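The sequence and structure are shown first.

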Protein chains: 4
Amino acid sequence: MLKYTQAASAHDAIVRGMGEVLAQGRTAFQEYLFFRSPEAGVCIVLDGDIQSCESDEAMYHEALVHPAMLLHPEPRCVLIMGGGEGATAREVLRHASVERVVMVDIDREFVGLCREHVPAWSAGALDDPRMELRHEDINAYLPGCSERFDVVIGDLVDVQDFDSPAGMLYGRELYGRLRECVGDDVVVATQAGALGAADVSGHVHIRDTLAGVFGHARSYGMVVPSFFHMWGFALATSKAPPTTDAELASTLCDRARGRGLELPAVGVDALSHAFTLPRQIRQQLG
Amino acid sequence: MLKYTQAASAHDAIVRGMGEVLAQGRTAFQEYLFFRSPEAGVCIVLDGDIQSCESDEAMYHEALVHPAMLLHPEPRCVLIMGGGEGATAREVLRHASVERVVMVDIDREFVGLCREHVPAWSAGALDDPRMELRHEDINAYLPGCSERFDVVIGDLVDVQDFDSPAGMLYGRELYGRLRECVGDDVVVATQAGALGAADVSGHVHIRDTLAGVFGHARSYGMVVPSFFHMWGFALATSKAPPTTDAELASTLCDRARGRGLELPAVGVDALSHAFTLPRQIRQQLG
Amino acid sequence: MLKYTQAASAHDAIVRGMGEVLAQGRTAFQEYLFFRSPEAGVCIVLDGDIQSCESDEAMYHEALVHPAMLLHPEPRCVLIMGGGEGATAREVLRHASVERVVMVDIDREFVGLCREHVPAWSAGALDDPRMELRHEDINAYLPGCSERFDVVIGDLVDVQDFDSPAGMLYGRELYGRLRECVGDDVVVATQAGALGAADVSGHVHIRDTLAGVFGHARSYGMVVPSFFHMWGFALATSKAPPTTDAELASTLCDRARGRGLELPAVGVDALSHAFTLPRQIRQQLG
Amino acid sequence: MLKYTQAASAHDAIVRGMGEVLAQGRTAFQEYLFFRSPEAGVCIVLDGDIQSCESDEAMYHEALVHPAMLLHPEPRCVLIMGGGEGATAREVLRHASVERVVMVDIDREFVGLCREHVPAWSAGALDDPRMELRHEDINAYLPGCSERFDVVIGDLVDVQDFDSPAGMLYGRELYGRLRECVGDDVVVATQAGALGAADVSGHVHIRDTLAGVFGHARSYGMVVPSFFHMWGFALATSKAPPTTDAELASTLCDRARGRGLELPAVGVDALSHAFTLPRQIRQQLG
């Protein structure tokens with residue numbers, strides 16, 4: 001039987017049954033594998049890490065995108081860093097106020113593979129007239145960028161070693177450049193590794209880097225069953241966000257209702273409680 | 001390297017690193033294994049299924065016990081079905097109104113092993129003067145029982161095949177007998193299998209059986225990281241519970257505050273949102 | 001990481017690292033997978049069982065083919081049952097006396113896949129003018145067959161359940177039909193499952209069926225490193241073969257030298273000792 | 001289910017079902033694990049490597065001991081380096097000419113564990129009056145040793161990294177000291193890692209070190225089913241051994257018969273062919 005094995009922590013692993021391999025190879029930037037899981041539908045792997053699975057990619061992408069979009073009173077201009085599957089763009093474009101989305105994903109070939117093998121994940125978003133899709137290094141793009149972004153979504157590969165080249169994607173230097181090019185009212189959200197494992201230093205590193213650069217950062221989490229983990233995200237703002245979980249939840253709910261936004265996978269209610277992490281996990285995050 | 005492998009679904013598996021084996025063998029009723037996991041501390045396995053792990057047993061047991069205890073206005077007399085580790089009793093006894101707890105766990109030897117190897121999990125609860133510990137079959141105990149219980153907690157092994165002998169632990173017959181012996185204001189909670197997998201028919205079976213017998217039943221969930229799943233629970237009442245998630249959350253929070261109850265692992269806030277499942281999971285549960 | 005897992009016994013398994021998947025799918029008859037193993041080169045899997053691997057397919061195919069070919073004084077006409085990779089035909093054709101080879105492999109598509117992905121394994125054999133390649137069921141072919149074969153090589157998929165349809169490939173009925181259509185001097189060899197595991201009943205079943213039909217049958221074995229086992233074969237004759245291992249070894253060596261046959265993978269010397277199994281394994285085979 | 005996973009090569013692994021854990025812990029020198037395998041009986045693991053299994057430890061120990069014992073015309077005094085299970089001593093003592101055996105195994109506690117849990121493996125050998133059992137470092141023992149040994153058997157843990165401290169157990173310095181203290185007619189045999197894998201550099205290193213020190217060294221192999229490999233051994237002599245495989249086999253057979261030695265697991269015949277490795281493996285060994 002074919003199996004896909006992925007480390008779940010330093011000592012534990014997830015072994016997934018594999019059906020058909022849809023695509024496998026190496027672009028100029030990364031190794032990719034698209035396979036069909038009997039439980040989770042098409043799964044996309046980059047450099048040995050599951051990126052998302054058909055069965056609950058919407059839970060992941062809704063949780064990544066909407067807290068930031070809802071915390072901004074009227075997001076017009078949005079930057080997506082990474083986001084190759086196109087599902088992040090799909091979620092961003094559901095906010096009617098959005099006039100322009102710049103998606104910077106270095107890997108043109110991977111974006112093409114996603115269009116071919118999982119077209120429903122972008123659902124036309126990449127061809128939306130509001131969309132500008134750029135295939136370049138985010139580190140090269142940011143310095144010359146003179147746009148004001150209201151919201152920035154980081155949908156880049158997860159990193160274990162923040163001193164590696166990939167670690168720059170979550171580094172102070174990149175976020176510093178981002179801080180310079182975006183406006184003062186920016187809301188930034190990024191994926192930030194699994195929560196609940198014994199070692200959550202990766203999540204803490206990302207959140208604290210964001211806090212250092214933008215002034216305010218919070219952790220939140222959402223169960224993503226196909227990841228076999230509660231997944232972690234970090235949200236940063238320059239202006240102080242609502243202070244209590246209850247106020248934050250109210251703001252998210254009220255704005256979602258005001259914008260007529262439904263979240264088919266997560267639901268507005270569950271999303272609004274995503275900042276209320278179990279106490280033990282919160283304490284572990286410091 | 002020693003590994004402990006457990007099915008996570010029909011096609012997927014969790015492989016855990018194992019350190020020391022603390023105890024391994026077979027009682028008159030089940031096979032047991034106590035091992036030390038580098039990530040999750042001591043883990044207890046019965047008949048091939050992880051029961052709980054040191055790192056987050058409190059998240060599991062708080063989630064199992066407190067919603068039911070808080071939904072009852074003044075729980076005095078509590079029945080625990082199973083609960084061998086003693087951690088369920090520990091949580092029940094944290095409510096000051098409790099005068100008497102009957103714990104019926106068939107397996108005297110397993111309870112002894114837990115006292116020996118993980119004494120902190122029961123934390124003295126099994127020796128509390130309010131506690132009556134009976135080692136007999138719950139099916140034999142219930143018919144002759146003439147006590148009125150305010151709250152019943154089902155902490156029995158998870159079952160995949162509800163037509164097997166173990167499946168009787170979640171069957172209409174057992175719950176029917178329970179219904180006869182307890183009072184009309186009873187609140188019942190039980191573990192009810194993992195949520196989020198492709199197949200949640202086990203959870204639905206338990207919840208619907210409870211609903212059929214008691215009149216009202218709801219699903220709720222809590223992330224338990226060492227299970228690599230959001231774990232599911234079912235809560236049943238004869239009287240209608242608060243109708244909206246928000247009312248339910250308020251009731252839980254208010255009563256926890258009123259009783260001075262703190263939940264060190266889950267926290268009162270996260271527990272109060274445990275009924276607000278992500279929409280996709282809720283729909284899957286029907 | 002991609003892994004290929006295969007049962008090695010009722011309780012043990014081999015987990016192989018996988019590189020590129022060259023081909024994967026289903027023909028009209030079986031599921032196939034061609035993948036590149038970092039250790040063993042291209043590996044071919046049918047219905048979940050490794051068939052052969054680039055690194056040592058020659059050890060397997062030499063051991064399968066040459067004892068039977070050498071025990072016949074002058075093999076002219078050879079029947080191959082199965083043999084889709086074409087490597088069995090390659091080995092058969094190395095005997096200069098061979099005038100005609102009939103290879104009956106039901107699965108035209110699989111033979112085509114092997115030609116495409118591992119052309120070196122057939123090394124032109126399938127296009128040799130002495131070769132007749134028939135894509136039909138061996139059970140359908142045999143009854144109408146009026147040829148006299150000197151040697152028959154069974155290179156069919158391994159079978160665990162001899163009562164299944166695939167089990168017919170090793171059944172008394174098929175071998176009986178074979179016995180009728182071939183001459184009295186036939187030498188028959190077939191793969192016959194792994195040796196050395198706790199359960200060798202599969203091997204014994206095949207060998208004893210052959211003995212019952214042809215009169216004489218012997219077990220032999222060859223280490224095939226990529227199988228992680230000593231692989232078993234059974235050889236049957238109507239006439240009594242040399243009685244001692246030493247005589248058998250001499251016959252094999254003398255004839256190989258007489259025919260100028262070299263065996264690049266196994267070598268003539270090691271092959272000639274293949275019938276001298278370790279005593280414990282011999283006793284296990286009864 | 002409990003599993004024991006062991007690397008079988010750089011990319012492949014063997015996963016074994018585990019029953020009862022008989023003993024697990026750490027002596028002053030190594031980590032040990034004794035577990036019951038459903039297929040192979042009691043298995044002994046040291047520092048993560050299977051040492052031997054009940055089902056075929058005799059195949060391993062007969063193959064390790066008897067070629068050296070038989071190549072010496074009359075072995076009286078034998079040195080065992082390592083050999084903690086006591087099974088190597090058991091085999092050595094089956095030669096009637098043996099007057100004295102010195103077994104130097106550093107780990108007194110491990111030898112005690114083997115006496116306790118697998119007493120049949122030593123079968124009383126450790127209490128034989130001809131036996132001297134010393135618990136000290138072989139590197140400390142050799143320099144002061146003034147005995148002449150006829151045969152030396154190396155039954156030490158397998159080593160992957162010959163530059164590690166454990167690598168000294170197979171190093172030129174240790175074998176050099178051994179050469180000085182033993183006589184000129186010594187025959188030395190040692191386990192020497194698995195054969196047949198892509199990387200056999202470990203085996204070659206050991207055999208070539210022996211050849212450099214003693215003058216002559218040869219590789220041989222025996223299938224050990226519970227190892228899922230053909231296991232490799234190296235045999236060294238100061239005097240030239242028989243030159244052809246056939247002469248070597250004759251010598252081994254004749255002497256075994258002369259001494260009335262039966263080999264219940266391997267058999268004399270299969271043992272006598274252990275030097276006739278498959279050609280491809282022989283070429284790989286250089």
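## Strand pairing in chain D

In this predicted model, β12(D) and strand β13 (residues 229–237) of chain D run antiparallel and are joined by 9 bridges. Strands pair if DSSP finds at least two bridges between them; helices (H or I, at least four residues) and strands (E, at least two) are DSSP runs, numbered from the N terminus. D:Arg218 has D:Leu235 of β13(D) opposite.

Residues are numbered from 1 along each chain as its sequence is written, while chains are lettered from A and ligands numbered from 1 in the order in which they are written. Local features need pLDDT of at least 70, side-chain atom pairs count only at pLDDT 80 or more, and totals for chains, interfaces and linings use all residues.

## The sheet

The order β9-β8-β7-β10-β11-β13-β12 (chain D) describes an open sheet of 7 strands with mixed pairing. At its edges stand β9 (131–134) and β12 (216–224) of chain D, each with a single partner strand, so one side of each has no neighbour in the sheet. From one strand to the next, the twist averages 20°.

## Contact between chains C and D

Chain C and chain D each give 37 residues to the contact (C-beta atoms, placed from the backbone, within 7 Å). On the side of chain C that touches chain D, β2(C) gives the most, with 5 residues.

β2(C) pairs with strand β2 (residues 13–17) of chain D in the antiparallel sense, over 3 bridges. C:Ala13 stands opposite D:Val15 in β2(D).

Conventions
Axes fitted to C-alpha atoms, helices over the stretch in contact; angles between N-to-C directions. Contact = placed C-beta atoms within 7 Å.
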